[in-house]
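Please look over the sequence and the 3D structure before reading on.

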Amino acid sequence: MSAPLFQISDLGLTLPDMSRKPLLGRARRIEILKHVSFDLAQGAITGIVGESGSGKTTLGRVLVRLLTPTSGRVVFKGQDIGRLDEPALKPLRRDLQMIFQDPLSSLNLRHTVGHIVATPLERYGVGNARRRAHEALERVGLPGDFARRYPHELSGGQRQRVGIARAVALEPAFILADEVVSGLDVSSQARVLALLKELAADMNLTIAFISHDLSVIRSLCDAVIVLDRGSIVEAGPCDQVFDSPQSAVTRQLIDAIPLPEVDDSWFDRAAVAPA
Ligand SMILES: Nc1ncnc2c1ncn2[C@@H]1O[C@H](COP(=O)(O)OP(=O)(O)OP(=O)(O)O)[C@@H](O)[C@H]1O
């Protein structure tokens, strides 16, 4: 088995508490992440779940080093990126990509889709940026004339594909996907999830997938981490955690999964169906 892409040990993060008036001019600090330790296996999709405010997004932002940990180690490809300054991080940034929840706010609406996907490639000095952008768009199922369109001319699912194309065009080692299907209808959700699964397998991509929707996590992820108030309460292979949850927090989250909607016609069909 290959070494984990990420090894996180005893990670802690405190931030100034902006919700309260600073005492003597200094904001009180609050502990957002506490003693967080886990590995992310190379090529695996790991779900990060937990109630609102449990620290999912904060943890994700530490993984892509948008936030600097206060304590502990965040070892990525053998280097503790929590300790690196921006110049030292620069060569690693291409490997650490993000896909956002709301593609409309993360895409520059004044530019064509082709330009949006090509821009990071140009910034990293990748040759043939335009051609590679077209290839990335084809890879996510947006061929031909999509490169010439503008984000407002696309559906929500198509816009999310542009965000995915922009990330995968850089051929990163890791993608953080934070609530990326929450804004989509059920069939677009299913198509985007299938695409992520296919890309992870084809490109040996490691993905951390943050979601409040456990049914989505179950259908997509290999492993899952359950957070509660900034700490991990349970982690393991997805089937194991869902089939025999060990923590009360996990059980509550699983119990809260809504049952699929069943209308009257379902009962009619069930009544006439052979046993
Ligand atoms: N910049 C910040 N300054 C102070 N507190 C913060 C900051 N960012 C987040 N927090 C707090 O940290 C905690 C974790 O927030 P985070 O956004 O990571 O949770 P989450 O699990 O992603 O929640 P949600 O599912 O609602 O998005 C929350 O209590 C939040 O209020």
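**Ligand shell**

This is a predicted model. The ligand is surrounded by 14 residues. S52, G53, K56, T57 and T58 are the closest. Helix α1 gives the most, with three residues. By class, the shell holds eight polar, four nonpolar and two charged residues.

**Helix α1 and K56**

Which residues of α1 are buried? They are K56, L59, G60, V62 and L63. These residues lie on the same side of α1, because they cover an arc of only 160 degrees around the axis. In general, an α-helix has 3.6 residues a turn, so residues three or four places apart point the same way. Just after α1 comes R65, with a positive phi of about 55 degrees.

K56 lies in α1 and is also one of the residues closest to the ligand. K56 counts as buried because it has 22 C-beta neighbours inside 10 Å, where the cut-off is 20 or more. Leaving out residues up to four places away in sequence, K56 touches I48, G50, I210 and L227. K56 and I32 are 24 residues apart along the chain, and their C-alpha atoms are separated by 10.0 Å.

**Domains**

The domain assignment gives domain 1 (1-16 + 30-95 + 173-275) and domain 2 (102-171). Their C-alpha centres lie 24 Å apart. Across the boundary, 11 residues of domain 1 are in contact with 12 residues of domain 2. Helix α7 (residues 186-203) gives the most to the domain 1 side, with six residues. By class, that side of domain 1 has seven nonpolar, two polar and two charged residues.

**Nonpolar core**

The largest nonpolar core has 74 residues. Which of its residues touch the most other members? They are V117, L137, A165, F209 and V224. This core draws at least three residues from each of domain 1 and domain 2. A165 is in contact with V117, A136, L137, R139, V140 and L142, leaving aside its neighbours within four places in sequence.

**Helix α5**

Helix α5 spans residues 129-139. Its buried residues are A129, A133, H134, A136 and L137. They sit on the same side of α5, because their arc around the axis is only 160 degrees. The buried residues of α5 pack against α4 (113-123) and α6 (156-168). G141 follows α5, and its phi is positive, near 85 degrees.

**Strand β10 and S231**

S231 is found in strand β10 (residues 231-237). Is S231 buried or partly exposed? S231 is partly exposed, because 18 other C-beta atoms lie within 10 Å. Not counting residues up to four places away in sequence, S231 touches K34, H35 and V36. S231 and R28 are 203 residues apart in sequence, and their C-alpha atoms are 20 Å apart in space.

The table sets out the C-alpha distances for the two residue pairs.

| Pair | Separation in sequence | C-alpha distance |
|---|---|---|
| K56 and I32 | 24 residues | 10.0 Å |
| S231 and R28 | 203 residues | 20 Å |

Methods: Residues are numbered from 1 along each chain as its sequence is written. This is a predicted model: local features need pLDDT of at least 70, side-chain atom pairs count only at pLDDT 80 or more; totals for chains, interfaces and linings use all residues. A residue is near a molecule or strand if its C-beta atom, placed from the backbone, lies within 6 Å of it. Helices (H or I, at least four residues) and strands (E, at least two) are DSSP runs, numbered from the N terminus. Ala, Val, Leu, Ile, Met, Phe, Trp, Tyr, Cys and Pro count as nonpolar, Asp, Glu, Lys and Arg as charged, and the others, Gly among them, as polar. Domain bounds come from an automatic or database domain assignment. Two residues are in contact if their C-beta atoms, placed from the backbone, lie within 7 Å. A nonpolar core is a set of buried Ala, Val, Leu, Ile, Met, Phe, Trp, Tyr and Cys residues joined through C-beta atoms within 7 Å. A residue is buried if 20 or more other C-beta atoms lie within 10 Å of its own, exposed if 12 or fewer, and partly exposed in between; C-beta atoms are placed from the backbone. The arc is that of the directions from the helix axis to the C-beta atoms.
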